[in-house]
Amino acid sequence: MPKNRILEEEGKIPQHLYYIISGFMRLFYYNDNGDEVTTHLNCPHGFFTAFSDFINQTKASVNVETVTECQLLRITKPDYDKLISISTFWKDYGMQILQESVIYNEERSKDLATLSAEQRYLKLMKSYPNIIQNVPLQYIASFLGIKPESLSRIRRNLIN
């Protein structure tokens, strides 16, 4: 998929669960001011979609977009359900992925509430250096819950 392509659209039922072979993707929504708010960034090798909406087949509250050119595998909800029902391996693997996702999201919520913007940036830099190198700064800033100017200031201070 080319970069900056919306694959699943806010207000529509997500049709696919994606597996990222290469490239970077994000989840985002538009706030009341019309600004994009990035809620999640993902890199290879991982599953990605508006997951709860995909599983429940409800209208998504976020957009799924490629940030860079991506090589992806995808599966529809009916095929996903069939795979889970006929394969113990995939059922167990799906549960493991779900558990990891819940843990990640709980930690992210805690970080947003307890860490400073600089601490969040340093943690992202340490945990996911490829995101720092490949994702535009405005998306990273939004993901960290700060303005791009604040991220620029933090980066300048870290260099000095």
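**Charged pairs and their labels**

Modeller: Asp-81 is partly exposed, with a relative accessibility of 35%. This is a predicted model, where local features need pLDDT of at least 70, side-chain atom pairs count only at pLDDT 80 or more, and totals for chains, interfaces and linings use all residues. Residues are numbered from 1 along each chain as its sequence is written, and side-chain values use heavy atoms, leaving out hydrogens and water.

Colleague: Why is Asp-81 called partly exposed?

Modeller: Buried means under 20% relative accessible area, exposed over 50%, and partly exposed in between (1.4 Å probe, protein chains only). Asp-81 has 35%, so it counts as partly exposed.

Colleague: What makes Asp-81 and Lys-77 a salt bridge?

Modeller: The term needs a side-chain nitrogen of Lys or Arg within 4 Å of a carboxyl oxygen of Asp or Glu. Here the closest N and O atoms are 2.6 Å apart, so the pair qualifies. Both residues lie in helix H2 (residues 77–86), 4 residues apart, about one turn of the helix. Helices are DSSP runs (H or I, at least four residues), numbered from the N terminus.

Colleague: Is Lys-77 buried or exposed?

Modeller: Lys-77 has a relative accessible area of 12%, so it is buried.

Colleague: How many salt bridges does a search of the whole structure find?

Modeller: The search finds 6.

Conventions:
Helices (H or I, at least four residues) and strands (E, at least two) are DSSP runs, numbered from the N terminus.
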